[in-house]
Amino acid sequence: MSDPLLSLASDRIITPDGIQRGYLHIKQGQIVGLDNSPRGQVVDYQHAMLMPGFVDIHVHGWGRGSFAWKGERHSLQAMSRDLVNAGVTAWLATSATQPDAFLLESLTTAADWIAHAKAEDGAEAVGIHMEGPFINAKYSGMQRKESIQHPSIEGFECYQQAARGHIRLMTLAPELPDALPLIRHLRRTGVTVSAGHTDATFDETTRAIEAGLCHFTHAFSAMRGLHHREPGVVGALMYHQDTFAEVAKQSGITLRPEVFDILYRLKKDRRLVMVSDCLGYVDFPEGFEFHHYLRQETFRIRHHLLEITDRHGNIRTVSPDDWADVCTLEMSFLDSVKNVVDRLEDSWVSVAQIACLNPAILAGVEQRKGSLTPGKDADILVLDEALDLEAVWCRGVLQPLAK
């Protein structure tokens with residue numbers, strides 16, 4: 001028996017052409033039309049808003065999974081399941097600068113998950129984002145300095161072979177020796193190149209853009225800042241209008257709201273990209289400990305529980321089985337969007353560009369992700385009057401939401 005035709009009814013459907021009313025038709029996991037005629041089984045969302053699912057191209061972990069620190073199948077499975085609760089329907093499994101053996105094994109594991117996960121498993125991992133290991137130690141941030149490597153085409157191809165071609169995005173420091181040949185190679189092979197964890201000058205960054213670099217990872221963070229005589233990486237990302245720039249979760253901690261607004265005025269909807277850059281604390285390895293210099297908290301895993309010590313020495317414990325606590329450890333993608341939507345030029349239409357279509361373009365999946373357009377996957381968020389998730393559809397499958 002073939003899949004039934006579904007018609008999702010709403011007076012507020014966010015499309016690239018603006019807000020429309022009518023029926024969004026779904027069949028066999030894809031959007032097949034948008035018009036004023038109900039067909040097949042009607043699902044009434046008249047009271048709600050329909051918009052494309054968020055595409056998170058920079059997420060190390062979320063909820064009960066941490067791909068970058070565990071690299072295991074269960075971590076990817078947990079992320080796919082939990083990300084739908086943040087409004088994310090497609091994502092890039094994002095690595096970190098880790099020991100080489102761990103990276104190779106985790107890339108192979110991610111390739112298996114990408115190849116075999118089904119719509120029923122939740123948000124779709126559409127590829128891999130490698131953040132490092134070709135970065136500058138001066139701006140390593142929370143990356144592991146001892147695992148940093150020199151850029152090389154041969155080194156990248158070793159990773160791409162382990163990933164079976166699924167690396168879609170790479171963050172690197174363009175000023176490092178041999179970075180430019182690698183950037184050209186990545187561009188030729190269809191991998192998006194982004195500058196991050198970098199001490200490049202304005203001129204070095206410009207040469208990298210000429211070689212094929214087109215994106216900037218967590219803009220302003222972990223990069224050489226703007227100076228009036230040496231504009232640096234920040235100056236380059238602001239000056240070169242056709243480059244994309246991503247901003248991590250908008251909690252007010254990573255970027256002041258005014259800084260977000262400055263970047264948005266320069267990049268507009270066409271080139272700004274929202275990501276989460278979340279970590280998935282509760283799935284860190286047993287015994288792992290790190291200090292979050294922005295939050296002024298220390299995280300450690302002890303006896304499979306997460307211990308968080310604040311700057312005053314107070315300790316609280318979070319169990320991975322307690323979703324009510326886990327889901328508040330890091331700001332969700334949807335909550336980040338809520339913090340900026342009123343400052344965008346076209347409200348939720350702008351959100352659909354910077355949080356859905358632009359990241360889909362950088363991930364190389366814009367032909368099937370990023371907008372409520374016929375022919376694309378039925379990745380749909382249903383937001384109620386309070387702008388909370390009422391329902392999430394991934395590739396035409398209604399997803400269970402955690403309570």
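This briefing covers pockets, cavities, salt bridges and strand pairing in one structure.

The model is predicted: local features need pLDDT of at least 70, side-chain atom pairs count only at pLDDT 80 or more, and totals for chains, interfaces and linings use all residues. Residues are numbered from 1 along each chain as its sequence is written, and side-chain values use heavy atoms, with hydrogens and water left out. The largest pocket holds about 490 Å³ of space, and the count of salt bridges comes to 24.

**Pockets**

- Pockets and cavities are found on a 1 Å grid over the protein atoms alone: a cavity is a set of points where a 1.4 Å probe fits but cannot get out, and a pocket is an open set with protein on both sides within 12 Å along at least five of seven lines. Lining residues have an atom within 4 Å of a point.
- Grid points are joined across faces, edges and corners, and a volume is the space filled by probe spheres set on the points.
- The largest pocket has about 490 Å³ of space. It is lined by 25 residues, of which Met142, Lys249, Asp277, His292 and Leu294 are the closest to its centre.
- The lining of the largest pocket comprises 11 nonpolar, 9 polar and 5 charged residues. In this classification Ala, Val, Leu, Ile, Met, Phe, Trp, Tyr, Cys and Pro count as nonpolar, Asp, Glu, Lys and Arg as charged, and the others, Gly among them, as polar.
- The second largest pocket has a volume of about 270 Å³. Its lining includes Trp62, Asn85, Trp323, Asp335, Lys338 and Asp388.
- Helix α10 (residues 333-338) gives the most to the lining of the second largest pocket, with 3 residues. Helices (H or I, at least four residues) and strands (E, at least two) are DSSP runs, numbered from the N terminus.
- By class, 7 nonpolar, 2 polar and 3 charged residues line the second largest pocket.

**Cavities**

- There are 2 cavities of 30 Å³ or more.
- The largest cavity has a volume of about 50 Å³, and its lining residues include Thr89, Ala90, Lys369, Asp377 and Asp379. The lining divides into 4 nonpolar, 4 polar and 3 charged residues.
- The second largest cavity has about 30 Å³ of space. Among the residues that line it are Asp56, Trp62, Cys278, Met331 and Phe333, and by class its lining has 7 nonpolar, 2 polar and 1 charged residues.

**Salt bridges**

- A salt bridge is a side-chain nitrogen of Lys or Arg within 4 Å of a carboxyl oxygen of Asp or Glu.
- Asp283 and Lys70 form a salt bridge, with the closest N and O atoms 3.0 Å apart. Asp283 lies in the loop between β15 (272-274) and β16 and Lys70 in helix α1 (residues 67-70), so this pair ties together parts that are 213 residues apart in sequence.
- Asp283 is buried, at 5% relative accessibility. Buried means under 20% relative accessible area, exposed over 50%, and partly exposed in between (1.4 Å probe, protein chains only).
- Arg395 and Glu124 meet in a salt bridge at 3.5 Å, N to O. Arg395 lies in the loop between β21 (389-394) and β22 (397-398) and Glu124 in strand β10 (residues 124-131), so the pair ties together parts that are 271 residues apart in sequence.
- Arg395 is partly exposed at 21% relative accessibility, whereas Glu124 is buried at 10%.
- Glu258 forms a salt bridge with Arg256, the closest N and O atoms being 3.2 Å apart. Glu258 is partly exposed at 41%, and Arg256 is exposed at 54%.
- Salt bridges that share partners join Glu124, Arg368, Lys369, Asp377, Asp379 and Arg395 into one network.

**Strands and sheets**

- Two strands pair if DSSP finds at least two bridges between them.
- Strand β9 (residues 88-94) and β10 pair in the parallel sense over 5 bridges, and Ala90 stands opposite Glu124 in β10.
- In β10, 8 of the 8 residues are buried, so the strand is largely enclosed by the rest of the structure.
- An open sheet of 4 strands has the order β16-β17-β18-β19, with antiparallel pairing. β16 (289-292) and β19 (315-318) stand at the edges with a single partner strand each, so one side of each is left without a neighbour in the sheet.
- β16 and strand β17 (residues 297-302) run antiparallel and are joined by 4 bridges; Phe290 stands opposite Phe299 in β17.
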